[in-house]
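Here are my notes on the model you sent over.

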Amino acid sequence: MFKLIKQVTSFVAMLAVLFAFSTETMAAKKSKTLKNTQKKGFVRCGVSQGLPGFSNADASGNWTGVDVDVCRAVAAAVLGDANKVKFTPLSAKERFTALTSGEIDILSRNTTWTLSRDADIGLTFVGVNFYDGQGFMVRKNSGYSSVNDFKDGISACTNLGTTTELNMRDFFNSKGISYEPVTFEKADEVVAAYDAGRCDTYTTDKSGLAAQRIKLSSPDDHIVLPETISKEPLGPVVRQGDSVWEDIVRWSLNVMIEAEEYGVDSANADSMKTSDNPAVKRLVGAEGELGAAFGLDNEWSLRIIKQVGNYGESYKRNIADTGILPDRGPNELWTKGGILYVPPAR
Amino acid sequence: MNFKLKNIGPQLITLIAVVLVFGFFTFNAQTNMENRGIEFGFGFLTQESSFDVQFSLIEYDGSHSYARAYLVGLLNTLLVAFIGIIISTILGVIIGIARLSTNYLIERSAAFYVEFFRNIPLLLQIFFWYFAALRALPLPQDAEPMFGVFFLTIKGLFVPSFIWNNLNIFLYSLIAAIISIVLIRNYAIKLQENEGKQLPVFSISVSLFIILPLLTFLIGGVSLNFSLPVLEQMSNTSFKYKGGLGIPPELIALTLALGLYTATFIAECVRAGIQGISKGQKEAAASIGLTPNQILKLVIMPQALRIIIPPTTNQYLNLTKNSSLAAAIAYPDLVLIFAGTALMQTGRAIEIVSITMLTYLSISLSISFLMNWYNKSIAIKEK
């Protein structure tokens, strides 16, 4: 009799444990970050302190750029309004701490995806929204026409705490050239020092060079050398440990790219609901239940496309039309000779 | 027993509270870091740093460890603090005494200097010296040599570097000179106390300090060559100097800004110290026939120093801590190298920030300890 009671209680305890586990996983489905974001009513997004084309604030404080658009897409998906984003400008040095400490929920700040960043410091990269590479800018009259013209003792201005610093070392070491690295915390000071003649060359991601060149006193006196010395896949980052939020950010970006692939843009998105192509119908929420997996409604992707536009629109608006990099280069769809290729949204 | 508990009780409670608060923060940080998959540890210090530094006092490149990078930053910080303290002390004493001058022009210029430099934020001054200097200085190929051998350019100050033969003998002679100066000083003090005679200690010291090292050149086999900076072309428009010693413009701007700024505060300490001595002391000293120089050296300064030293210590500490603004103008100090690049590359924010904080704390405590020791040695000794 006593034994039976013992067995029954242990069985009940086991059930209780199982039940507790199952409610636990149900709760985990509703992401903590997602819940907090919906409660606050805005997406907390970390951006740069001003990089035209990627994340840049105008005089009235409106942020624009392809990095900004990723956060706007997430806001459109989870809150229904692409403008419900709070932007926090961060230096290269501050960005990861701001994310891991929970000050922001998405870091969309031209950040290079590397193994050590992904694996080591509590971050998860969710995708690539711009394929970049490090280059060098020099004065036109300097006579440098290629990185092979660089000689011992060259001084190079760059930003502190970036992969640029490491690539620069790899590059000069492999060429056997001694160099003087001059590293500043803020991009504006790098530009000012290079402009004044402190350095012979200014090195950073090529998109950055193109964007910062506009800030120089006479942009036409400077050229970007043709060589690219590194791979810099730039993309949004989230904190480790919230896989649902991670998926939301990843697929908000993927949807923008896939929308371009299928020719869905902000103007025709609504009419695409009656398309013959099931992939297009899924994309605008007319078929399937894709949003449910994240705990979102079925129109989340439609809102992204309508309010922010597809990737091509975002690129054109922020990078091509502003004259930074009119040629899309590798950031063209795979169907058109580029390397933008995302998994299917289905 | 009860009486004792009453005394210890509040202190015990405070102690427990402090331990609990610290314990809570540590525990909190630990659980949060665990939740986010961040490990705590100092193992990264031995990893290869793989970034280069513009200016280093010891041999360093990216193949060395993060610990070595830390040392590079620490030494660069100490260098700035050391030069800054020397500049600010010399300038501060001069300005402080000038503020007490009876000459109207000198007094007013000193006052203007103090009011001008101490009321502008330091960071702005650093930016000013750096970017103003960068704009104003010539490119290497346009630089006019100063005294034929110095080149001040946008890429830094290039000076001849020394190439020594038998440097150690020269250094021994310097040490010997210092020891003999100390001995002579002690002897002079005794002579004055016992027989009332005075030796010209200052002139003896100076000549010893010059003559002994000079002798090593003549008979010790010491010789000195200079390696002059020579302009070398890298491309159509970029030039550099080869040979000699290059001092980066970042270091010059930073020490200049720190020195000029802190000098104003030291000047005020010096003025306060001298004015703190009552007029009667000076008059009494004059009435027993001391010369003005002797009055300043033997009566005023020994008393004034006691007032000057403690607040000046504060200024030295401020200067050292302010040197961390270096990061703004690319001078590779501790904050830029270690709490900047190294932190970024490793992501070890908690470890690196606490090491950096402890380092600044230790530097400050050491300076404070030295200055307190000096203050004690000049305090009134009851005989």
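This is a predicted model: local features need pLDDT of at least 70, side-chain atom pairs count only at pLDDT 80 or more; totals for chains, interfaces and linings use all residues.

1. Helix α7 of chain A, residues 187-196, lies across β9, β10 and β11 of chain A. Its angle to β9(A) is about 155 degrees.

2. Now the sheet itself. Five strands of chain A make an open sheet with mixed pairing, and the order reads β10-β9-β11-β8-β12. At the edges sit β10 (179-184) and β12 (222-224) of chain A, each of which pairs on one side only. On average, neighbouring strands here are turned by 25 degrees against each other, direction ignored.

3. Which strand does β8 of chain A pair with in the antiparallel sense over three bridges? That partner is β12(A), and β8(A) itself covers residues 134-139. If you want a spot to look at, Met137(A) stands opposite Val224(A) of β12(A).

4. On to the contact between the chains: chain A puts in 39 residues and chain B puts in 32. On the chain B side, the elements giving two or more residues are α4 (122-136) and α10 (334-346) of chain B. The largest share of that side comes from α10(B), with five residues.

How values were computed
Residues are numbered from 1 along each chain as its sequence is written. Chains are lettered from A and ligands numbered from 1 in the order in which they are written. Two strands pair if DSSP finds at least two bridges between them. Helices (H or I, at least four residues) and strands (E, at least two) are DSSP runs, numbered from the N terminus. Axes are lines fitted to C-alpha atoms, for helices over the stretch in contact, and angles run from 0 to 180 degrees between N-to-C directions. Two residues are in contact if their C-beta atoms, placed from the backbone, lie within 7 Å.
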